[in-house]
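Here are a few notes to read alongside the model.

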Amino acid sequence: MSAYPVLAILAFMVLGPMMALLTVTGVSVIESESLSFWKSAYLRRVLIFSFWQAFLSTALSVSLAIIVARAFARYGCFPFRNLILKLFGLPLVIPAVVAVFGLVSVFGTGGWIPLGRDLYGLNGILLAHIFFNLPLAVRLLLPAWKSIPEQHWKLGQQLGMNSWQQWKYLEWPTLRENLPGVGVLVFMLCLTSFAVVLTLGGGPKSTTLEVAIYQSLRFDFEPAQAAVLAALQLSLCATVALISFRLQKLPEVEITSTALQCPVDTNTLKLNAVILLAAVVYVAMPMIAMLFEAFTGPVRQVLSNPALWRSAALSLSIGMIAATLSILAAWLILRSASDLYYIKRKHKAAYLEMAGSIVYVVPPLVIGTGLFVLIAPRFNVFDWAIPIVILINAMTGLPFAIRALGPAMRQNKMRYQRLCESLNLDGWNRFKTVDWPLLRKPLGLAMALVTALAMGDLGVIALFGTPETTTLPLLLYQQLGAYLMSEAAVTAVFLLGFCLLVFWLLEGIIGGRENV
Amino acid sequence: MFSIRQLCFTYTDTENNTVMPMSFELQAERGEILSLIGPSGSGKTSLLNLIAGFIQASAGQIFVDGEDIQQLPPAQRPVSMVFQSHNLFPHLDVFTNIALGINPSLKLSVDEHQSIEDALVTLGLEGFKKRKPGQLSGGQQQRVAIARALVREHDILLLDEPFAALGPAMRAELIMALKELVSRRKMIALMVSHQPADALLASKHTAFIDNGQVISIQKTSELLNDRKRQEIMSYLGSE
């Protein structure tokens, strides 16, 4: 089976909803009522706020990440380096709504650093986006320091360069190549951030396009208005994706514990230690606060609630099915791409891989809105909630699966294709003896990652969810909305633990524990 | 006069779980290049790193004209080093790459400007000063690195396989140019090389290093024909 059926399904999943959106938007533009919406102060405010919060979040996350990554790179080897790197990987798998709860436990009324009502609105959104994107940017920027040749550090030492001169001649020239790519990625994530703005946004003043789409569909019952907003969001994302394509240099995430041999004096070492400690505290504090609140909360009552277990089973099913679909699609796409790489048609192969990342251009909520508009006139959309959520989560996970599996599959093809041909090794025999041992580790990682992401997703399910189709993140969101904070604390920790357990089990069972 | 006395260092390779104690004893004359040859992993580059101060010796002394430089930080040692690759900062032009050798803040006096111009002429790089390293050939890049070492006016020049990536003709040309410069400026130069032919061309004397020790310092032609020592014979592949 080739990649083309997968591409056809992807195209249908994107183009179908988009056509529906464009039709509704086209009709609505002619109507005078919708014309006034185009020109309304509300839309202008939503647009400006979407951009402003994404810009501020990116600027703060990336500039703080540079400081932390530099401290990390220059501190050298220390006992907890690997552990901190793993901690910085956690925000990637922590469900957004859980992290929000953690931040509320720290900065909310009665929290350790109470901001009161000031938490809700731009402040809270920025705090949450920094929580998610600072560790991500640190992990993306760290390899820049590792790519500085050892000889340059030695030259710097020999020429007597001070810290500023080392930054100017050695570090900045390498870093600036990666900064635009990292900046645009973080900007895109903040622009399409939904759960954070939904839970921490402070009413109409702090609404982004994504949340406005949700409100139009779920509260105002205005599909036409939602279509206009979705079309706007689509064009914004397409523009940012286009820019990102031009600046596509994005380093591989650092997963090793090796440190560069960069000599620093004692004072710099102390300063680096303080910076690292501050970053670790910021990332760990919400989780610790949440754990603290959960263990003093009504644990037995929440855990004995059948709704919690129903939601957990539903979340797990959605996660596993979405991940399986995602991996299958990624496998087919990457197999065709590897064949193309093998016959030196690199550009075509790269475009094929890129097609799998279509959700970067068309956000899941926009696809969801399109499907809503497409299905609503014919069927009851809420009856289709689970299949739609699974399909969209599979699409959302596809770029992660491609990124995790791609290098290994390509390498496997390039290195062993000729050898396998010469040994007449193909089909099941090849899979059993060559492909599986070499690919099970990235396969395990991809499966674990996509499952955890889908299990923790509060995006499309918020659009289509009903009391019968309540996933764990939606249950948590409902508890937060009803100010059942003690129950929410237990649910949040349960959800976090559940996601991490599933991640760990899948990665271990599929990926195996020994290094291949 | 340059000498090293009982310079000790323990090399630890955490990846391969190996530990190699090293102890060096060496002398070199001003005005000539002393070649260092020996098998891979024998300690040649470690010796240069110890002299430059990039790694710290556990004991021993390094004397330059009777003064021990062992306790000095790298920037204060009278040492310039040229590596096999990555000698130049790719985003800076030739002039700036050389100027960094004089003052990293790039605040240069008129005389210092002139010394860079002179070094460019000496190394045959006139007309290249505005070029970036990427616009130069491998040989020209190494010339720039040597020019930077010259403007620093330090006594000791360490060369870590500086010509390994160059073709035979270019290598011979650069070695001859370097030999002339070292002789004229009365510098002390130590050159790690894997090519016995380079050692023969560059050096009156060559040191053979194995297992973290200087096994022998002899006239280069004699060392390359030494049939008495098993280590040298197996390195050179002599019968």
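**Notes on salt bridges and a sheet**

1. In this predicted model, the side chains of A:Arg74 and A:Glu171 form a salt bridge at 3.1 Å, N to O (a side-chain nitrogen of Lys or Arg within 4 Å of a carboxyl oxygen of Asp or Glu). The pair links distant parts of the chain, 97 residues apart: A:Arg74 sits in helix H3 (residues 41–75) of chain A and A:Glu171 in helix H8 (residues 163–191) of chain A. Both A:Arg74 and A:Glu171 are buried (under 20% relative accessible area; exposed is over 50%, partly exposed in between, with a 1.4 Å probe and protein chains only).

2. In chain B, B:Asp155 and B:Arg30 meet in a salt bridge of 3.2 Å, N to O. They are 125 residues apart. B:Asp155 is partly exposed at 27% relative accessibility, and B:Arg30 is partly exposed at 28%.

3. Now the sheet: four strands of chain B form an open, antiparallel sheet in the order S2-S1-S4-S5 (strands are DSSP runs of E, at least two residues, and helices of H or I, at least four, numbered from the N terminus; two strands pair if DSSP finds at least two bridges between them). Its edge strands are S2 (18–28) and S5 (67–68) of chain B, each pairing on one side only.

4. Five bridges join S1 (residues 2–13) of chain B to S4 (residues 59–64) of chain B. B:Cys8 stands opposite B:Ala59 in S4(B).

5. A word on conventions: local features need pLDDT of at least 70, side-chain atom pairs count only at pLDDT 80 or more, and totals for chains, interfaces and linings use all residues. Residues are numbered from 1 along each chain as its sequence is written, chains are lettered from A and ligands numbered from 1 in the order in which they are written, and side-chain values use heavy atoms, leaving out hydrogens and water.
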